[in-house]
Amino acid sequence: MKRVAVLGSTGSIGRSTLEVIARHPDRLRLVGIAARSRTDLLARQVAQAHPPLVAIWDAQRAQELADLTGRRDVLAGPDGLLALATHPEVDLVVIAASGCEALLPLVRAIQAGKQIALASKELLVMAGSLIMRLVQEHGTTLVPIDSEHAALFQCLQGVSKEQVERLVVTGSGGPLWGLPAAARQTVSREQVLAHPRWRMGPKITVDSATLMNKGLEVIEAQWLFGLPLERIRVLIHPEAVVHAVVELLDGTSLAQLAPCDMRLPIQYALSFPERWGSAWGRLALTQAGPLQFFEPDPGQFPCLQLALDAAAAGGTACAALNGANDVAVQAYLDGHLAFTDLPRVIAEILERHAPVAHPALDEILAVDAWSRNMAHDLIPRIPQWSPR
Ligand code: MG
């Protein structure tokens, strides 16, 4: 019986994780859940799943959560998240909170020898070198939940790094793929948020539209699998049937194919190293239609290029990229920034950032905070910038 804690239980991945856990009561036990601030949904999850531990990052809402659940033992604030992530009753921690508040709990969970199932690519983008070094040092396992990386992870079972020529991260192209370049300049919020293949939270859906998501995924793959940037390739695959390909040195390619359902990679990350039966749909190859693959043009998707530039710069550049993107996307979702201004904000911040090589945790957090502050400062002044 694996005892599981879920950090970020109210988000899209968190909710699916609770579904997967509920499907396997003989193998998985939900020991704790945590969210940033959504007390109403968190309280409903407590009422439904009765986890022994419950935490809320926003300490000011702890009382509200206690009132809603009738629980007097709510773990509150950043320390509450740390207590949950390192609790002796927990074997495996699912990290599904996208904010940087999950970074320290992730680090402490690894140091406490917990198994990790990681959905939050942002944390690997910020601190991949540090996280993977700690995973090695503490002899634990980290299984990615991000669908492409879950696919790569599965293809790489029984394959050594020396046998790999290249990793291919595929992407559907997001909601704007196929639109002429001019039309991408004037897209509505509804178009941006209507992803053709995956139902996901708003932040990642915007990242899919700009292809920033693919850029972040290249950085994520670089750290997870320890391969240099030039051996990781992005291909647009609109049918989203093949989630990743591993090209081996003998000319063989291994691909992973599955329905677009995040419960599959979540279940695999929870079952690893086993593989369990599931009730989540099957892929019908005869229905999949012709499968197409295209090389994306980073010139048409400036956010993809910015991510690749930050990856090449290394050090804290990716933390600066991630913080800037996070704030810019939120400003876009709140209606304070135009879609076409997203890359302008990020580019400006990367321009001003002098990357620190081999950063420690406090340096990463400092760059994250600097980048976020800089983005908050720049965004209201964007209308005064010279025209593009
Ligand atoms: Mg993905």
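In the predicted model, the contact between helix 11 and helix 13 is formed on one side by Met212, Lys214, Gly215, Leu216, Val218, Ile219 and Gln222 of helix 11, and on the other by Cys303, Leu304, Ala307, Leu308 and Ala311 of helix 13. By class, nine of the contact residues are nonpolar, two are polar and one is charged. The crossing of helix 11 past helix 13 is right-handed.

Across the whole structure, two cavities of 30 Å³ or more were found. The largest cavity holds about 50 Å³ of space. Its lining consists of Ser147, Glu148, Thr170, Gly171, Ser172, Trp198, His237, Ala240, Val242 and His243. Helix 7 (147–155), strand 8 (164–171) and strand 10 (242–248) are the elements that each contribute two or more residues to this lining. Six residues lining the largest cavity are polar, three are nonpolar and one is charged.

The second largest cavity contains about 30 Å³ of space. Leu92, Gln115, Ile116, Thr141, Val143, Ala269 and Phe272 line this second cavity. Five of these lining residues are nonpolar and two are polar, with no charged residues present.

Conventions: Residues are numbered from 1 along each chain as its sequence is written. This is a predicted model: local features need pLDDT of at least 70, side-chain atom pairs count only at pLDDT 80 or more; totals for chains, interfaces and linings use all residues. Side-chain values use heavy atoms; hydrogens and water are left out. A crossing is left-handed if the near helix is turned anticlockwise from the far one by less than a right angle, and right-handed if clockwise. Helices (H or I, at least four residues) and strands (E, at least two) are DSSP runs, numbered from the N terminus. Contact means heavy atoms within 4.5 Å. Ala, Val, Leu, Ile, Met, Phe, Trp, Tyr, Cys and Pro count as nonpolar, Asp, Glu, Lys and Arg as charged, and the others, Gly among them, as polar. On a 1 Å grid over the protein atoms alone, a cavity is a set of points where a 1.4 Å probe fits but cannot get out, and a pocket is an open set with protein on both sides within 12 Å along at least five of seven lines; lining residues have an atom within 4 Å of a point. Grid points are joined across faces, edges and corners, and a volume is the space filled by probe spheres set on the points.
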